[in-house]
Amino acid sequence: MHHPDRDSHAEHPALSARSPRLGLGLVLGLGSLVLLSWVSLGVGAAGWQGGTIQDLWAHGTAYLIGHLGSGSHSIGHHSNDIANVIVWQVRWPRTLAAIATGAALAVAGALMQGLTRNPLADPGLLGINSGAALAVVAAVFLGHQSSLSQYSLWAMAGAAIAALTIARVASLGWGGLNPLNLTLAGAALTAVFSALTTGILILSQRTLDDIRFWLAGSLIDRTLPLVWQGLVPMAIGLGLALGLGRGLTLLSLGETVAQGLGQRPERIKAWGLLSTVLLAGGAVSVVGQLGFVGLVVPHGVRRLVGQDYRWVIPYSAMGGALLVLGLDVAIRWVWPTQALPVGLILPIVGTPVFLYWVVRRT
């Protein structure tokens, strides 16, 4: 697939050298993620079930072979082993969902901040969260769905329609699809979507009862089919984002500079918006409205690696995965019997860190 940021080989001081130190940081981050995943598989209301990493590997391999060999609803010869059921049918999908959605939302936030040159931008600027919420709430209200997998389909459709609507409205303004028009259109239409969602929830207590955990952003009761359903658009979006790193770095210096170095800003924006919709839409379809990741993580990453998006994007993916999974593990460790949605705790943890960065900048 052709990417606009590969049209020119001109270099610029903003494009930092390929530092071995930054590469080593990604390796260390990946190792930390593997270790945290092992802890995640062991922690929960049923107590520690993880065993050693070797135990998990052996049990997981045996479980997978038995699962594939005896049908999608069977767990093979481990059907009497409660520990394996807990680890591989309950905790593994939850762990995978945390990793995938955390990475996707963080990268989507980095893309939006790069495209709009606005450090306060996040996927919500495109109305992805509000559009997905409106679609799911409307579907529940009208009685068209009743399961998480159906939530996922409605959420993805609502996120895509909302993002395309906001981008289209923004492009009609003077100057076309520029950061100011996108910000204004996003703020206005997001307010409309949110008002409609709130109106439905006020009118229907049943709808609120059915959907409150999804609205809060939860990793509870996620299944592997549901996670795989959202993983496909997230993987495509991440691939697009990684290919846009150089172009986004130059675009962040201004469209005139980017054009002078052989870039095509409109193409970068189009690919970037598509990637954001796939990443954030896929994430929202799995876990619901999980805010703050796309705002906080890219800020921390840029303080660590600078402004080169060839590093910002992979570091954001790693940081987002570690943040969401780490917070979910902490919740299950401290309150193992409480079904607390991770979306409720994220702002409580993220706000003090973000405000600290703001104060330090001033």
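Reader: Let me start with the convention: a crossing is left-handed if the near helix is turned anticlockwise from the far one by less than a right angle, and right-handed if clockwise. So which hand does the crossing of helix 8 and helix 11 have?

Author: Helix 8 passes helix 11 in a left-handed crossing. Do keep in mind that this is a predicted model, where local features need pLDDT of at least 70 and side-chain atom pairs count only at pLDDT 80 or more, while totals for chains, interfaces and linings use all residues. Residues are numbered from 1 along each chain as its sequence is written, and side-chain values use heavy atoms, with hydrogens and water left out.

Reader: Thanks! And what counts as a helix here?

Author: Helices are DSSP runs of H or I with at least four residues, and they are numbered from the N terminus.

Reader: Back to that pair, then. At what angle do the axes of helix 8 and helix 11 cross?

Author: Roughly 160°, and the axes come within 8 Å. The axes are lines fitted to C-alpha atoms over the stretch in contact, with angles from 0 to 180 degrees between N-to-C directions. Helix 8 and helix 11 are therefore roughly antiparallel; angles over 145 degrees get that word, under 35 is roughly parallel, 65 to 115 roughly perpendicular, and the rest oblique.

Reader: Nice. How many salt bridges does the whole structure have?

Author: Four, counting a side-chain nitrogen of Lys or Arg within 4 Å of a carboxyl oxygen of Asp or Glu. One of them is inside helix 11, where E266 and K269 sit three residues apart, about one turn, and meet at 3.6 Å, N to O. K269 is buried, at 5% relative accessible area.

Reader: Which parts does the R94 and D328 pair tie together?

Author: R94 and D328 meet at 2.8 Å, N to O. R94 is in helix 3 and D328 in helix 13, so the pair ties together parts 234 residues apart in sequence. D328 counts as buried at 0% relative accessibility, and so does R94 at 14%.

Reader: What else does D328 pair with?

Author: R332, with the closest N and O atoms 3.0 Å apart. Salt bridges that share partners join R94, D328 and R332 into one network.

Reader: And how does helix 1 pack on helix 13?

Author: At an angle of about 25°, with the axes 10 Å apart, which makes the two roughly parallel. Their contact has 15 nonpolar, seven polar and two charged residues; Ala, Val, Leu, Ile, Met, Phe, Trp, Tyr, Cys and Pro count as nonpolar, Asp, Glu, Lys and Arg as charged, and the others, Gly among them, as polar.

Reader: Last one: is helix 12 mostly covered or mostly open?

Author: Mostly covered, with ten of its 13 residues buried, including P298, H299 and R302. After helix 12 comes G306, whose phi is positive, near 95°.

How values were computed
Buried means under 20% relative accessible area, exposed over 50%, partly exposed in between (1.4 Å probe, protein chains only).
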